[in-house]
Amino acid sequence: MMRIVYTKPKSMKDVPTHYCPGCGHGIIHRLICEIVDELGIREDLIGICPVGCSVVAYNYFDFDMIEVAHGRAPAVATGVKRSRPDKVVFTYQGDGDLASIGMAEIIHAAARGEAFTVVFVNNAIYGMTGGQMAPTTLLGQKTTTTPFGRDHKMEGYPIKIPELLSSLPGAWYLERVAVNSPGNIRKTKKAIKKAFLTQIEKNKFSLVEVLSPCPTSWRLSPVDAIKWMEEQMIPYYGLGTIKDEGIQVVREK
Amino acid sequence: MKKLLLSGNEALAEGAVRAGCRCYFGYPITPQSEIPAYMAKRLRQVGGVFLQAESEIAAINMVYGAAATGMRAMTSSSGPGISLKQEGLSYLAGAQLPALVVNVMRGGPGLGNIAPSQSDYFQATKGGGHGDYHLIVLAPFSVQEMADFPHLAFDLADKYRNPVMILADAILGQMMEAVELKNNEKNRLIEKPWAVTGARGRPQNIIRSLFLKEGELEAHNKLLQKKYRIMKKNEVRYQLTGDPDPEVLLVAYGSMARVCMYIMPRLKKIGVRTSLIRPITLWPFPYDIIEDISKKVKFIFVLEMSEGQMLEDVKLASREKCPVYFYGRMGGGVPEPEEVLTKIEEVLKVESKRKNYKIRR
Ligand SMILES: Cc1ncc(C[n+]2csc(CCOP(=O)(O)OP(=O)(O)O)c2C)c(N)n1
Ligand code: SF4
């Protein structure tokens, strides 16, 4: 007897993606689709993709999608979730999008405790526009707009978003993961699933930051990009749970 | 029907609720703050959503999200806030989402002041945000119309899948008049098969304004332009009052139309046959009727609380068939009936010296 152990998730379209070789977006897309299938939420799901390399994620996700302006996904998600509280809503945002132009929107959505899930893809650079500095670019990292490497005296320090949000009571579940190895990819899936469950079970705000390679803008081969992630990015940012108020239903007296 | 004494802003808010608006997102700014205050209470009563956003940018994007799910959603603001909403308006137009945006105009540019003004006409009717797009722009002139226009606005927005703006000013927002409120929720839940509500028993729906494949965006723009042409054909609205055979045509909208209506009997008394065109849709603009009348009158007189913004459309409409005169004040200056009358009398003097000009007195 043969057993199928690996197949395309139902909520993922059977098309090649436009992502570069070694890009993390495709892996993260697939994980989301696996989770959507496992939780059986495809028909109640509304995904929101702002500007960035993954702006056309609706070409790969086979569920309802809204494409939105740069940085504004948390505001749009607020409008969606508030008007349709019975739906499951998530945003899929890059680091330029979320941590730079959309900083106000993400902080206030977390502060209000909006009941949607954020998948925050941190590749330490602006991918779509050709490799400019992001707020998450590491010190010393060369980009087209920091040709001599990011200098904290000039450009300040990279921002750790979950840590920044963790002081807000509205932020329920915050975790940082990475897609550099099979083990970490499994952990990424677990975290994103938990983030969706935080929304579904607890009606609370959750954000998972995914450290993700961008070999093209880093000017590295896919293999060297993984190495750079492991030697530079993961040590700086650190992986793990930043905040978890729990999804077990606590009986209130 | 029973009449109520309401301010323009309150009437507009109640009118919106009665038109089926169940989602309001906004950020405080004078002179429209009565609208969110009213909505905060009222939407709770009807099970709707009221949210004070962190900025106007967030507010318009919340509207974008709610509209994408098929809800009747609105925001309101004034000058500085409306400027911040331009990005969102362009996206709403590009993604073809119906929504209502209200601008209770105040003086500009910059922070300006909080006094009445009509200086956002260009911004409202000529684009405002990036790209080839148009809003339908409605200009109320009474508290009754403040109450009635949200219904018209939502119906037009849904019909054309296009954002609609109500362009009022601080006078209309703050003044109180007796109004009759109508119940007209029937279109609230019209079918929106394009809305994102979860792909249950149907293929995926996508709301978007990005079209990267070659020729796709041009085709999308052509589709939008076709829609705008239909609006121009079917949705032009104006009020024409006064002498059926005028020698002077006044053109004014919103609160300035009220000033014109006030002085028209005085002009009649001194023997000047005057009529008034009050554009109700500033976009699409009533070019044709103005062109028609400009062939018959000695001159046109335009009154605005700006340095002549609608004036450009009136000139375009008149096709130089007659001279077009203008009087306006800026920065919160409100033209008084007496000063407008004086201006018109000055023009009458100038014009009567011209050849072929006979004003019957
Ligand atoms: C208002 C606005 N400013 C700038 C841009 C150009 N732009 C497109 S994507 C992008 C940055 C994307 O970077 P990131 O969010 O990190 O996502 P990535 O492409 O790396 O996945 C920028 C600046 C835009 N589309 N809109
Ligand atoms: S530029 Fe970077 S983020 Fe964008 S597709 Fe290529 S590898 Fe991925």
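**Close-up views of the predicted model**

**View 1. The shell around ligand 2, by residue class.** In this predicted model, the residues that make up the shell around ligand 2 divide into six nonpolar and five polar ones, with no charged residue among them. The surrounding residues of chain A include Tyr19(A), Cys20(A), Cys23(A) and His25(A), together with Cys53(A), Asn123(A) and Gly127(A). Cys214(A), Pro215(A), Thr216(A) and Ser217(A) also surround this ligand, and the element that gives the most to the shell is helix α8 of chain A (residues 215-218), with three residues.

**View 2. The open sheet of chain B.** Seven strands of chain B form an open sheet with mixed pairing, in the order β3-β2-β4-β5-β7-β6-β13. Strands β3 (49-52) and β13 (281-283) of chain B are the edge strands, each of them pairing on one side only. From one strand to the next, the twist averages 20 degrees.

**View 3. The pairing of β2 and β4 in chain B.** Strand β2 (residues 23-26) and strand β4 (residues 73-77), both of chain B, pair in the parallel sense over two bridges. Within this region, Tyr24(B) stands opposite Met74(B), which belongs to β4(B).

**View 4. Helices packed on the sheet.** Helix α2 of chain A (residues 73-83) packs on the sheet, where it touches β2, β3 and β4 of chain B, and its direction makes about 150 degrees with that of β3(B). Helix α7 of chain B (residues 143-160) also packs on the sheet, touching β5 (99-105), β6 (136-138) and β7 (163-169) of chain B, and the direction of helix α7 makes about 160 degrees with that of β7(B).

How values were computed:
Residues numbered from 1 in each chain as written. Chains lettered and ligands numbered in written order. Predicted model: local features only at pLDDT ≥ 70, side-chain atom pairs only at ≥ 80, totals over all residues. Near = placed C-beta within 6 Å. Helix = DSSP H or I, 4+ residues; strand = E, 2+ residues; numbered from the N terminus. Nonpolar A, V, L, I, M, F, W, Y, C, P; charged D, E, K, R; others polar. Pairing = 2+ DSSP bridges. Axes fitted to C-alpha atoms, helices over the stretch in contact; angles between N-to-C directions. Contact = placed C-beta atoms within 7 Å.
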